[in-house]
Amino acid sequence: MPFLVRNLAPGPAVFTDLANNIALEWQGAGDPNGDDIQQVPDGLADNVNFLRSVTRGIFVVEEATEEMQAKLTASGEAWRRRNEAQAKAAIDTLEKGKDADFVTAPCVAPGPRGGDCGVDVIVRHKHKGEKPPLCDRHAHLGSQLVLIELDKMVDGVPVTKWIIPTIGEAAPSAVTTP
Ligand SMILES: [Zn+2]
């Protein structure tokens, strides 16, 4: 059953669905000849683009039968849910991508002339801070290194450093002891 749709936009509105041979035109809201209301075919209640225009408040369905209104409401909500699900899926993908990211970190083992070895090591971003970054040559030191918090904050986060605790050197705030 065809139904009536009112254009709420101040200017003329056009809706075309070439696949279904639909081309409709409304005059702006409050048109003196009443051409801001058009009769539209039933099939539009299942048209995603049309429903989008309704949910965005461009069109409103006039004198819809209860059945039609229920259909519009259900379809509109399905569309909103789909959109929300898509947005959520996009965010989940981003989050997963972040976890899978690899970053490089300098090897923290002591270097030959004091200081750190510094050879770039590729680590998984999500393991950063869990395991010390160590190059192949220093991988065996993994169990000796502990992460300590330095007496320094950057952006409200304590700066950490991997060290090999030596006797007499306190590591009071060790946060991991692998
Ligand atoms: Zn190294």
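Two strands count as paired if DSSP finds at least two bridges between them. Strands (E, at least two residues) and helices (H or I, at least four) are DSSP runs, numbered from the N terminus.

This is a predicted model: local features need pLDDT of at least 70, side-chain atom pairs count only at pLDDT 80 or more, and totals for chains, interfaces and linings use all residues. Residue numbers start from 1 along each chain as its sequence is written.

**View 1. Here β1 meets β4.** Find strand β1, residues 3-7: β1 and β4 pair in the antiparallel sense, over four bridges. One spot to look for is Phe3, whose bridge partner in β4 is Val40.

**View 2. Now look at the open sheet of three strands.** Its order is β4-β1-β5, with antiparallel pairing. The edge strands, β4 (37-40) and β5 (59-62), each pair on one side only. From one strand to the next, the twist averages 35° (axes are lines fitted to C-alpha atoms, and angles run from 0 to 180 degrees between N-to-C directions).

**View 3. This is the largest nonpolar core, with 14 residues.** Such a core is a set of buried Ala, Val, Leu, Ile, Met, Phe, Trp, Tyr and Cys residues joined through C-beta atoms within 7 Å. Buried means that 20 or more other C-beta atoms lie within 10 Å of a residue's own, with C-beta atoms placed from the backbone. Val5, Phe50, Val54 and Val61 have the most contacts inside this core. β1, β2 (13-17), α1 (48-55) and β5 each give two or more residues, and α1 supplies the largest share, three residues.

**View 4. Zoom in on Val54 and its contacts.** Leaving out residues up to four places away in sequence, Val54 touches Phe59, Val60, Val61, Leu72 and Gly76 (contact: C-beta atoms, placed from the backbone, within 7 Å).

Note on methods:
A residue is buried if 20 or more other C-beta atoms lie within 10 Å of its own, exposed if 12 or fewer, and partly exposed in between; C-beta atoms are placed from the backbone. Two residues are in contact if their C-beta atoms, placed from the backbone, lie within 7 Å.
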